[in-house]
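Please look at the sequence and the structure first.

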2 protein chains.
Amino acid sequence: MLDSIKESPLFPIANPRSLAFFGASNNYTTMGTMQFLSMKSLGYPGAVYPVHPREKDVQGYKAYQSVMDLPETPDLAIMVLPTRLVAQTMDECGRKGIRHAIVISGGFKEVGEEGARMEEELKQTAARWGIRFVGPNCIGVANPHHKLNPTPFPYEGRPGYIGLASQSGSFVTQMFDYLRPMGLGFSTAFSVGNESNIDIVDCLEYFGACEHTRVIALYIEGIRRGRAFIETARKIVPNKPVAAFYIGGSEAGKRAGFSHTGALSGPDDLYNGIFRQSGVIRAGSITELFDFCWALGGLSAPGGRGVAIQTHSGGPGANAADAISRAGLELANLSETTKNELRPFFPPTASINNPVDMTFSRNSSDLFSKIPRILLNDPRVHTLLIYLISQGRMMVRPMQAMGLSAEQIAEQSRKALEGQADGLIDLRRTIDKPLVGYTYGGLSDPMHQYLITGGVPVFPSPERAAAAIKALVAYHEIVKKIKS
Amino acid sequence: MLDSIKESPLFPIANPRSLAFFGASNNYTTMGTMQFLSMKSLGYPGAVYPVHPREKDVQGYKAYQSVMDLPETPDLAIMVLPTRLVAQTMDECGRKGIRHAIVISGGFKEVGEEGARMEEELKQTAARWGIRFVGPNCIGVANPHHKLNPTPFPYEGRPGYIGLASQSGSFVTQMFDYLRPMGLGFSTAFSVGNESNIDIVDCLEYFGACEHTRVIALYIEGIRRGRAFIETARKIVPNKPVAAFYIGGSEAGKRAGFSHTGALSGPDDLYNGIFRQSGVIRAGSITELFDFCWALGGLSAPGGRGVAIQTHSGGPGANAADAISRAGLELANLSETTKNELRPFFPPTASINNPVDMTFSRNSSDLFSKIPRILLNDPRVHTLLIYLISQGRMMVRPMQAMGLSAEQIAEQSRKALEGQADGLIDLRRTIDKPLVGYTYGGLSDPMHQYLITGGVPVFPSPERAAAAIKALVAYHEIVKKIKS
């Protein structure tokens, strides 16, 4: 494990004070230009030196004909160049004193023998100068905390706490928008490409030491350094959860991964063994990977597998009970104390079970504050899972019928939903147990967004909520075992 | 099987020419009023007679003190009344000549002994008059084709082709908004509640004969008439697919279902047997249930399990290959003819495999028309799965940098995405094979919405696409077996 993040070769790559950019121009349709524009629009504050053989300036920045002409030695070189120019450019960067690079360009090992030869040349050139680099055949690096985003897609969300190392560039850039409705974002995301010099293990080490990173996500087609992976992950896991999505375990995934990045995969069993030894939580899809990150990075440690479900609707409650049970969690057996405290909220004849079905109650302070508090205070309840719909949604039409204006309706609905949500957000802040919402469908509803911003994750199905809670429980069981 | 849908007791319930409504008032906060307002706002065109002991009019409709005062005998009575008034009201309806009803009111069998006694009384009263009814303890019926929606939630989508029978009212009303981004809607949805008189088997029969219904969805906590279910489903399945989500198979699901609707569930094995005998496709979640409906109702019959994946990005392609393989489908082994036809679109050294990775191509006519056409024409390719991102999204920033106005950018983006999508939509219309898109995250992107409207489903993950294709393949294998 690193003593300081500054020891990592990735530190100057993710946090450069200045950079040289090869491959941007004033032609808007090239990949290099698009990446340059993404970087510019996020407002990267360091010095930027476009290098271009002919242009005098590039996108408003003074351009240089050769890297040798730069007024200083930048921390980082970013290359979006034709394959055949990369090794030579790397050599010039070395001569200038640059020691870190990102090679976006593809056309290397992943396309065949001639590409493999060029990749070898690139490696040797870099080694000669002691240059550490990410890529080739990658989509770059995004560190929103440093306002650095030289990828082809704009980063419009907030900086976040997920550190991603991905053997696919798409799972960096396509996740920018994906994470936003969940209130999530990247601390830093590395697209590692062919891992010619820097690999996923280096990324793990970096994230282990990165203060912005609360949880580490990995997209893996094949691990090149198995032993180093296990050793590094084992050291990090007690302090920081690691989740991984591995696709090389099926025959089709294996072949597709190989032709993508030349990664050597292995059967599921082998990788399950690697993950078990390293304490890494395996996800079954990209969806799960980030769901797990949400739970692992955003929720308190549950004391066990007991879950209480609160619902105001039978079907969604039964569905969640089924999902919890199938995920290997337990429906908490509510204590007598809890049942007695809940009694006044129910009709005299109703039986009080888990799921706690509040069909009878129309009082939002009961639903969003008093009852969840009673449940969270039950020592057998380790996690509270609560069904959410937008109560406000149902009220719109009656308010319209009452003749309220659109503004009045919006204001009344906002007040109503915030009043409800604040109850849960307060519980989330004051009681140290996981509190998780679920609903069906999208998260765009204002109530869900308000809760998410307040720190209560809302999953779009009970199955996704159950799987995420299970991942959280599994992680803390691992940590307990390691520490005991 | 019914000779005509008009033989079904559910016909006048879902298609009433006139109705009496018990329980709406001018108090906006009651459930009855909210349901009345939903119905009014969808524009139900039949005669509506609110019955209220004191009000002279209800929400703009002339009110009647007693059902006996109505100027005609309506087709249907809808009751949102206190439990103790229901049986007596049913009796009065019988005396008036009404023969069909929906009983929304709860407080019956599901709450205990006294409730069970009242439910028995209700059943006997109805039987005395020959009244057929849905409920009690349900949320009503929605038939958007008839503009009928007496549920508490507004129906704002289009009428659709999914017939839903649900033992939970939430999975009727919460799905109104859920289905919209998928371009889906209900033909009719029945919330069956305690199934005191009309049950899920009656709904199956109705949907079997309903011309608006292309696929039948069931949410099941327990089947009361197992043999009738199997016999009815078996007759329908060769002509119309049926998908079911059953939650009673886990211990927790079983208990929760029982306290919800008093349904008697059974172990997973028993229900798997019932579904297998009836040719019903089992879904693992509400999400899957409607994903399956999308594929089953919206796609051509695939000739087999072979899938071709087209991508412009390695990771998503490899992820889809893995998902297809794990779902029990096969990556089609492309024919030599296909490979030869694809050759001109690739660099000379590139190998052509499935997934077909078009990283190299920037030409949208190749990507969205020529290449998918070649793949669809390969006899080994039974389904084409294509990775989609919004290409337009990447172009916004360059267009901004070029100084285009917001309107120009919107117009250019719209044109670009429609030009691309039209290629696929044309293939969907002219080639009789399933064509399915996948992406990561939401479906709100204009490109995805345009494709969906054009008949190309876009799933928010490759795993969901793979599971839906698998359901489609399984259904057509069942039909083939039955017919052979």
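Two residues are in contact if their C-beta atoms, placed from the backbone, lie within 7 Å. This is a predicted model, in which local features need pLDDT of at least 70 and side-chain atom pairs count only at pLDDT 80 or more, while totals for chains, interfaces and linings use all residues. Residues are numbered from 1 along each chain as its sequence is written, and chains are lettered from A and ligands numbered from 1 in the order in which they are written.

**The interface**

In chain A, 64 residues are in contact with 64 residues of chain B. Several helices of chain A give two or more residues each to the side that touches chain B; helices (H or I, at least four residues) and strands (E, at least two) are DSSP runs, numbered from the N terminus.

| Helix of chain A | Residues |
|---|---|
| α2 | 31-42 |
| α5 | 170-179 |
| α8 | 251-261 |
| α10 | 286-298 |
| α11 | 314-326 |
| α14 | 391-401 |

The largest share, eleven residues, comes from α11(A). Because 100% of the interface residues of chain A are also interface residues in chain B, the copies meet through the same surface.

An open sheet of six strands in chain A has the order β8-β10-β9-β11-β12-β13, with mixed pairing; two strands pair if DSSP finds at least two bridges between them. Its edge strands are β8 (141-142) and β13 (281-283) of chain A. Strand β12 (residues 242-246) of chain A pairs with β13(A) in the parallel sense over three bridges, and A:Ala243 stands opposite A:Ile281 in β13(A).
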